[in-house]
Amino acid sequence: MKAMVCTAYGPPEVLQLQEIAKPIPKDHEVRIKIYATTVNSGDCRVRGFRSPLLYKIPMRLVLGLRKPRQPILGVELAGEVEAIGQDVTRFKIGDQVLAFRGMRFGTYAQYICMHEDGMIVMKPEHVTYDDAAAIFFGGTTALHFFRKANIRQGHKVLIYGASGAVGNLAVQLAKHAGTVVTGVCSTVNVELVKSLGADQVVDYTQEDISKSGDRYDIILDAVGKLPKSRCKHLLAAGGSYVTVEGQGVAKVLMEDLRRLTDLLGKGKIKPVIDRRYALEQIAEAHRYADTGRKRGSVVITVGHDH
């Protein structure tokens, strides 16, 4: 099968398309034919080994010393169960599924094997593979931080970086939770963030949010560019500041995947897809993601010869 392999830490060019052995499902495993995956900030950080100085040595031990121990990156996928191992009961051949791999990676490939009790859920029938692949990374991250902040109906929520992979789903999930949402983004993304349901949108190129007179129950820095020192005075009494910056891996619960899939199937959240690339173009997709200008997700469509 074809897979995009991270041959070393470095620029996007370290990602090389290779032919490797197609995995064989073990007992209780399913083999998934991948149709879509994504390139996200986590993939880019691992590929480039961008880590805070304090964590550089521990992260090398976790990820691999000279190159990633798991050389096939990618954390989320949409595809079809193509083969099953012995004693599999949860899935059958032909099932259309979504799956989340997190730091186990492995989705930049045509196929992957996963345990049937892993983070796999059925794809809503009417949702495309591309759309389905674009919700788990951002959605699970947003849910993780909203749990930390103890989000409640009626809260006033500020989301900084509201048009990104995490931010766009944070806006939608916060609205679904019954909160009043202010999104912060650049001029070009104002209309997008409004369309996602934000009650107010602040264009950071025109207005410094830190000088706002408003108070918020939750401030979510969804892009790691709004330090607490700049905005703690905007917190209401008992309010919570949470940020993706330097927080490691978000804790993902199986119930998060089910919740996101249910909301997607009912049309209550919608994916934002900026660009699509083929598997062979992942290096180019990484270059674009590295610019920091992507809106929502960059989707990789995985082709198959037959």
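Mentor: A pocket here is an open set of grid points where a 1.4 Å probe fits, with protein on both sides within 12 Å along at least five of seven lines. Its volume is the space filled by probe spheres set on the points. Keep in mind that this is a predicted model.

Now the pocket itself. The second largest pocket holds about 230 Å³ of space. Its lining has 13 residues. Nearest its centre lie Phe100, Arg101, Arg104, Met114 and Met119. Strand S6 (residues 111-115) gives the largest share of the lining, three residues. By class, seven lining residues are nonpolar, three are polar and three are charged.

Take Phe100 next. The whole structure has three aromatic pairs. Phe100 and Phe136 form an aromatic pair with edge-to-face geometry. Phe100 has 10% relative accessibility, so Phe100 counts as buried. Phe136 has a relative accessible area of 1%, so Phe136 is buried too.

Helix H4 leads on to helix H5. Helix H4 (136-149) is among the elements that cover the buried residues of H5. Others include strand S8 (156-160) and helix H8 (254-265). Ten of the twelve residues of H5 are buried, so the helix is largely enclosed by the rest of the structure.

Terms used: Residues numbered from 1 in each chain as written. Predicted model: local features only at pLDDT ≥ 70, side-chain atom pairs only at ≥ 80, totals over all residues. Heavy atoms only, no water. Buried < 20%, exposed > 50% of the residue type's maximum accessible area, 1.4 Å probe, protein only. Helix = DSSP H or I, 4+ residues; strand = E, 2+ residues; numbered from the N terminus. Contact = heavy atoms within 4.5 Å. 1 Å grid on protein atoms, 1.4 Å probe; cavity = no way out; pocket = protein on both sides within 12 Å on 5 of 7 lines; lining within 4 Å. Nonpolar A, V, L, I, M, F, W, Y, C, P; charged D, E, K, R; others polar. Phe/Tyr/Trp six-rings, centres within 6.5 Å; stacked < 30°, edge-to-face > 60°.
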